[in-house]
Amino acid sequence: MTNETLETIKRRRSVRAYTGEPVEREALCAIVEAGRYAPNGSGNEDWHFTVVTNPSLLRDIDRSAKAMAQNMGMAHLAALGADPDFHCLYGAPALVLVSGDAGNPSAATDCVCATQNMLIAAEALGIGSCFLFFPTMAFMGPEKDRLRDALSIPEGYEVSSCACFGRAAAPAVPPPPRREGTVSWA
């Protein structure tokens with residue numbers, strides 16, 4: 001069975017190189033709107049979306065995340081944090097942070113569902129995207145309060161997931177075949 005939505009899901013690939021060309025505000029609004037329609041615990045919509053397109057703020061998030069990565073006690077993250085050529089947004093001109101109400105036990109799941117909706121919406125609009133963990137580290141360290149204020153993240157909300165968006169610098173590679181043995185029926 002197939003349809004346009006299923007094909008869009010299968011076609012979507014993570015983009016880790018962008019042209020830097022800005023994404024139109026109308027497209028970013030449509031992407032975020034798709035996130036707002038994601039399933040969420042009890043239908044409370046206990047989330048907040050922060051769209052970051054300011055190059056200075058994007059650099060600040062990258063710098064803060066890299067500094068935190070060097071102090072997480074994980075060799076892989078420390079190496080990326082110390083690498084002057086690594087940029088956790090891969091040159092994307094837009095980042096959407098999804099924050100959840102810290103008092104909501106389903107917040108992390110809700111935020112990931114919203115992020116997945118945004119990734120699929122971006123693909124449907126011809127915009128590249130990448131689900132990211134690295135930038136969330138900027139909100140775990142000493143810079144978190146300053147960044148939260150600069151980005152107007154509501155009090156009591158924690159950045160849970162994020163994705164970057166932009167025009168892909170190269171065509172997407174076809175998806176590899178899916179691994180066998182990952183589905184059981186009972």
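At what angle do the axes of helix α1 and helix α5 cross, and within what distance do they come? I put this to the model, which is a predicted one.

**Entry 1: helix pair.** I looked up α1 (residues 4-11) and α5 (residues 107-124) and found that their axes cross at roughly 100 degrees and come within 9 Å. Angles of 65 to 115 degrees count as roughly perpendicular, and I therefore recorded α1 and α5 as roughly perpendicular to each other. On the α1 side, I listed Thr-8, Ile-9 and Arg-11 as making the contact; on the α5 side, Ile-120, Glu-123 and Ala-124. I sorted the residues of this contact into 3 nonpolar, 1 polar and 2 charged.

**Entry 2: nonpolar cores.** I next examined the largest nonpolar core, which has 28 residues; Leu-95, Leu-97, Phe-134 and Phe-139 touch the most other members. I noted that α3 (55-69), β2 (94-101), β3 (128-132) and β4 (157-166) each supply at least two residues of this core. The most come from α3, which gives 5 residues. I then followed Leu-97: beyond four places in sequence, this residue touches His-48, Phe-49, Thr-50, Val-52, Phe-139, Leu-151, Val-159, Ser-161 and Cys-162. I also recorded a second, separate core of 20 residues, with Val-98, Cys-111, Met-118 and Ala-163 among them.

**Entry 3: Ser-129.** I located Ser-129 in strand β3. Outside four places in sequence, the contacts of Ser-129 include Arg-13, Ser-14, Val-15, Tyr-18, Leu-119, Ala-122, Cys-164 and Phe-165.

Note on methods:
Residues numbered from 1 in each chain as written. Predicted model: local features only at pLDDT ≥ 70, side-chain atom pairs only at ≥ 80, totals over all residues. Heavy atoms only, no water. Core = buried A, V, L, I, M, F, W, Y, C linked by side-chain atoms within 4.5 Å. Buried < 20%, exposed > 50% of the residue type's maximum accessible area, 1.4 Å probe, protein only. Helix = DSSP H or I, 4+ residues; strand = E, 2+ residues; numbered from the N terminus. Contact = heavy atoms within 4.5 Å. Axes fitted to C-alpha atoms, helices over the stretch in contact; angles between N-to-C directions. Parallel < 35°, antiparallel > 145°, perpendicular 65-115°, else oblique. Nonpolar A, V, L, I, M, F, W, Y, C, P; charged D, E, K, R; others polar.
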